[in-house]
Amino acid sequence: MVSKLNGAAEKQIVEICDRYKGEKTPLIMILSDIQREYGYVPLEVQEIVSAKTGISVAEIYGVVTFYSFFSLEPKGKNVIGCCLGTACYVKGGQRIIDQFSEILGIKPGQTTEDGLFTLDALRCIGACAAAPAVTINGKIYARVNVKDIPDIVAEYREGAVAHV
Amino acid sequence: MKVNIKIEGKDYQVEEGTTILEAARACGYEIPSLCSYNHGECSQGSCRVCLVEATGARGLVASCVYPVAEGMEVKISSPKAVAARRTSVELLLSNHSQNCQQCRKNGHCELLYVAQLTGAREGAFTGEKTETHYDDLTPSIIRDSSKCILCGRCIERCKSAHGNGVLGFERRGFKTFVAPAGNLSLDKSPCLMCGQCVSVCPTGALLVKSEIGKVDAAMVSGKHVIVQTAPAVRAALGEEFGYPIGTAVTGKMVAALRRLGFEKVYDTDFGADLTIMEEATELLHRIESGGVLPMITSCSPGWVNYAETYYPDLLRHVSSCKSPHEMQGAILKSYYAQQKGIDPADIFVVSIMPCTAKKYEKDRPQMKNEAGLKDVDAVLTVTELAEMIRRSGILFKRLPDEEYDQDIMGEYSGAGTIFGVTGGVMEAALRTAYFVLEGKEHEGITFEQVRGFDDVKEASFALGGQTLNVAVTSGMRNASKLLDDVRAGKSKYQFIEIMCCPGGCINGGGMPIVRHAFLPDEDVDIVDTYRAKRAAALYSEDERNVLRQSHNNTQIQALYKEFLGEPNSHLAHELLHTSYKAREPFRA
């Protein structure tokens, strides 16, 4: 499968692995950098990390699927994270994520076909005072109301259009 | 250092630093657990089956990981401990597919065993179950996650044997399951098909893929069904019928196979002798002609899979010889068919093997003859053979000892027999290489230097005026050390024997499962000693044989004289040699 990745991309992954050469347990740091810089960590990339670190692909895949921070699929242009931690859940977080889900036509964890939006369910993000909280591309929306959601989505949709 | 502890109110002195489980065992108590006698395969203490009360600890402790301490009082049979262990097992059962009656692991299932011990009942806890996965795409292994209890033994075994583990935990919490990366089929993963995972799975989550149905169908269709048995099989089949580990049951096995309806019962040791003729000739040719060295053995299909996956650049080092049972199959469908006047297409060859990778090997496109016939049609593991014997009603222990069929390929040497243990192929090859290079038999016959279970065994021999440096290893974790040297051009050997399973075929994935729970008459140290006992059975059969060298097998000599010509002849190459192909670790 490695062959699917072009030479330049492979070189970049190797370069990221080399950043943590002396580290005792470099895996999380390598994967975090890849996730941040490329938006996802697919199996082909894990194979390269495995070859560089000597950690089995099975173990790397286990780590990637254990932490919700890592993604196997490319994320959309705008990543919407709905907090479902205890405080947000009590304040109606489930209704918020359901509403995003309905408007975007995707389930949590999925990305819209046009690649504009990814919807994620998050565990507590530490913004309990703002419950129910939503993050979009890192920006926090506090005390979100179900009624506001169409406007929020529209804002990003138009934003995307404006960029084109 | 000893410490004083109390178990069930009685005073004992036990080794400091040991776990409660080990200490109790030394004092004559077997705490119900899922890890009994399998130390090193799990250090998590997460299954909670072996809970006991211990003073100085908060609450109940998992005895498999909790160390003893001076003055500790351990209670195994207190109502609190008994109830806790029962609950632990009931919780495991609550997320387990409870179709025990249909399960092929029934009778060897450790979960069912601890359920009986602890009085756990199915259905004590009901509710949602984890999403399950079923994979039966490989010819060797079936993975059924609905039976998995997430103990992680398979993951540990794969890693400890072969380094680059194929299986891992995926996802988290209630959704966790064990699978190859990407939840791919084992068929698309770098799995070697060795079956080591199968041999440690406590439940039916990893099973050998059965080919008994194929054999039944061949018998019914009126084919000429011939069976051959690998060297290691005789050393372990008895375990399935109550014999102590290390009892060779060759005669009874032959008798059973005849009663099961096979037309001919042959020993793959003949094929092993043939392999030695071909392989030793290939080695000497490589040495004389400045060919690619070191040459590496090719009998172990798990190792071949590993080479093709991880060391494709070294495939020229791997001997082109087919493995013994494939060679024997090829001869059965050519020379034997000719001699007996049977159409090769009507011959059905069954191999009884200690190995799950042999099932994969026999389906390789390189293992077919010109007419498209497979050299071997079905491979049964030792456990499958035991299943066939049991269902037929044969009382194994009451069988007489019978001899293999003697015609055409009935003779075999002790050199062929020891193929089943690490170092055996090397020793067999050395016996013949000595004869060729020195012009006489090696007086001592054996080559003890290549025996035993060290990770890597090395030896040097002065033969025919030159020095022959050899190495023997098993388990791919060990092999990779030697292979990295070969890759770097630093290897000092001319000949290397590599077997996939640690210890060789006597520890193959198709061998009977060694669990104290099912072998109560065995010693406490069973896990440390079973390989040596099975190996000893093979070495003593070698000693009892008057024929000790492959080249002195008169039927092998006749085969060359009347049919093949000489070792490595054109016809020998066509029938007995094979080729290899690089493969991607992950195949979409």
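**Figure 1. Helices α6(B) and α12(B) are oblique to each other.** Welcome to the first close-up of this predicted model. The axes of α6 (residues 212-220) and α12 (residues 382-392) of chain B come within 11 Å and cross at roughly 55°. Axes here are lines fitted to C-alpha atoms, for helices over the stretch in contact, and angles run from 0 to 180 degrees between N-to-C directions. Angles under 35 degrees count as roughly parallel, over 145 as roughly antiparallel, 65 to 115 as roughly perpendicular and the rest as oblique. On the α6(B) side, look for B:Ile212, B:Val215 and B:Asp216, which meet B:Glu384, B:Glu387, B:Met388 and B:Arg391 of α12(B). Contact means heavy atoms within 4.5 Å. By class, this contact has three nonpolar, no polar and four charged residues. Ala, Val, Leu, Ile, Met, Phe, Trp, Tyr, Cys and Pro count as nonpolar, Asp, Glu, Lys and Arg as charged, and the others, Gly among them, as polar.

Residues are numbered from 1 along each chain as its sequence is written, and chains are lettered from A and ligands numbered from 1 in the order in which they are written. In this predicted model, local features need pLDDT of at least 70, side-chain atom pairs count only at pLDDT 80 or more, and totals for chains, interfaces and linings use all residues, while side-chain values use heavy atoms, with hydrogens and water left out. Helices (H or I, at least four residues) and strands (E, at least two) are DSSP runs, numbered from the N terminus.

**Figure 2. Helix α8(B) is roughly perpendicular to α10(B).** Helices α8 (residues 268-288) and α10 (residues 324-340) of chain B pack at an angle of about 100°, with their axes 8 Å apart. That makes α8(B) roughly perpendicular to α10(B). Residues of α8(B) in this contact include B:Phe270, B:Ala272 and B:Leu274, and those of α10(B) include B:Pro324, B:Met327 and B:Ile331. The contact of α8(B) with α10(B) has six nonpolar, five polar and one charged residues.

**Figure 3. Four strands of chain B form an open parallel sheet.** The strand order is β12-β11-β14-β15. Strands β12 (264-267) and β15 (378-381) stand at the edges, each with a single partner strand, so one side of each is left without a neighbour in the sheet. Neighbouring strands are turned by 25° against each other on average, direction ignored. Strand β11 (residues 224-229) of chain B is joined to β12(B) by four bridges, and the two run parallel. Two strands pair if DSSP finds at least two bridges between them. One bridge links B:Gln228 with its partner B:Tyr266 in β12(B). Helix α8(B) packs on the sheet, touching β11, β12 and β14 (347-353) of chain B, and its direction makes about 45° with that of β12(B). Helix α12(B) also packs on the sheet, touching β14 and β15 of chain B, and its direction makes about 85° with that of β15(B).

**Figure 4. A hairpin joins β1(B) and β2(B).** Strands β1 (residues 2-7) and β2 (residues 10-15) of chain B pair in the antiparallel sense over six bridges. Find B:Asn4, and then its bridge partner B:Gln13 in β2(B). Two residues lie between the strands of the hairpin, where B:Glu8 takes a positive phi near 50°.

**Figure 5. Helix α3(A) is mostly covered.** Eight of the eleven residues of α3 (residues 43-53) of chain A are buried. Buried means under 20% relative accessible area, exposed over 50%, partly exposed in between (1.4 Å probe, protein chains only). Among the buried ones are A:Leu43, A:Val45, A:Ile48 and A:Val49. The buried residues pack against α1 (7-19), α2 (27-38) and α4 (57-66) of chain A. Just after α3(A), A:Gly54 takes a positive phi of about 80°.

Figure 6. Leaving aside neighbours within four places in sequence, its contacts include A:Val79, A:Leu122 and A:Ile140. Not counting residues up to four places away in sequence, A:Ser101 touches A:Ile106, A:Lys107, A:Pro108 and A:Leu119.
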